[in-house]
Amino acid sequence: MAKAPVLTPQADDFPRWYQDLITKAELADNGPVRGTMIIRPYGYGLWERMQAEMDARIKETGAQNAYFPLLIPESYLTREADHVEGFAPELAVVTHGGGKELEEPAVVRPTSEMIINASFSKWVQSYRDLPLLINQWANVVRWELRPRLFLRTSEFLWQEGHTAHATYEEARDFASHIHRRVYEDFMLNVLAMDVVPGRKTVKERFAGAINTLTLEGMMGDGKALQMATSHELGQNFAKAFNTRYLSKDGRQELVWQTSWGSTTRMIGALVMMHGDDGGLRVPPRLAQIQAVVLAIKGDEAVLAKVRELGDRLKAAGVRVHVDDRTDIPFGRRAVDWELKGVPVRIEVGPRDLENGTAMLARRIPGGKEPVSLDALVSLLPEVLEKDQALLLKQSRERRASRTAEVSTFEEAVEAATAGGWARIPWAALGEEGEAKLADHAVTVRCLVAEDGSVPETDDAPGNVAVVARAY
């Protein structure tokens, strides 16, 4: 009788495979309130690594971290009409506190534009106060009707940046810098994720923004996922909160603003872009455990060797974990680490010691080979870098092979509903065609220029629409 697979195969049921993997790799569980999520230690370790990498890049821009309250006066949200309309269906509102009805209901933070802008209006007085660059690591609540772990949950974790500038050009350039030098750099060089940088259409733009820049990734089933966004807010919020500064020539001017964010959705993307039927495949630069050293048997010499290897690898800068739990069958432990996607397993048993070798199992390309114990420590950094590059190459090849160049609405729909992406001239699709895509559960993910760069305007000549089904 054939042994049942650990995970539902992707080809049989991709959503079930995704749910199986999150559960069995111990990334997260459903919370007790519908739509909420408990992030388990292994999943949270991935988020901590993402935070560290992102936070370093954000601080290089000059932004500083701060923290703003979770509860926002309801009246704040009415100050910018497009913004409140965009978020109204998702709001959670507190009406009672301390056993009494509140004089003014408080909204549980869906995003912090409003409360941060109320502060900016007090903090900005002169051109000397600009640019004001603030980032926050926090949780937000958006009441999701169709929750899915990491992708759409009623509460999730994120970073949200908010800035104020003296000129439109400064704000535009800063939003673009975050888009490409913070988010895209992180996704390519740490997450090993191929992404398409582009401009959202007016229909898909962030509520209250004058421009939204996005990064779109193709998941294993061909659907798109919005990975992170950076918004030019223009002066919409400055007008709503009367955020002005005294210019060098003595005039009162409205500031120009940006906001930008990325979330724990990136863990879902990690699963769906790199995972396979064996489980996760974590990019080595991201992995909180880059190598696990496993003792195959509880032999004293074996245990001593795996602990020694662990110390040597740690000293060489490898993030390593020693698995000497020999009271648990080796096969079970090996499957568990494969599910978790640890890039490298180093397996040591009595026979390996006799031969002066260890078995090196590489999760990303697959396969095992014996490696000299003496050469292992010097070899491993090169192996990890090769496997990092391989993941990025595979994600690029997937998108290239499943993206169709089309010229008509019908061809775009056919490509997107068949499990891929389509690129169609925006002039051939337009806002009318974009509206019709909704009948097929397809959207314009972003606009790109002919050469793949980010277009400066929605209607720039040669703009191409990237069309897909999306999470």
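Predicted model: local features only at pLDDT ≥ 70, side-chain atom pairs only at ≥ 80, totals over all residues.
**Two pockets between two domains**

Domain 1 (14-274) and domain 3 (403-469) both contribute residues to the lining of the largest pocket, so this pocket lies between them, the domain bounds coming from an automatic or database domain assignment. Residues are numbered from 1 along each chain as its sequence is written, and side-chain values use heavy atoms, with hydrogens and water left out.

By pocket I mean, on a 1 Å grid over the protein atoms alone, an open set of points where a 1.4 Å probe fits, with protein on both sides within 12 Å along at least five of seven lines, and lining residues have an atom within 4 Å of a point.

The largest pocket holds about 1600 Å³ of space, a volume being the space filled by probe spheres set on the grid points, which are joined across faces, edges and corners. Its lining has 47 residues, and those nearest the centre are Glu 90, Glu 144, Arg 152, Gln 226 and Arg 265.

What is the volume of the second largest pocket? It is about 300 Å³, and of the 13 residues that line this pocket, Arg 172, Arg 199, Glu 232, Pro 455 and Glu 456 are the closest to its centre. Where does this second largest pocket lie? Domain 1 (14-274) and domain 3 (403-469) both give residues to its lining, so the second largest pocket lies between them.
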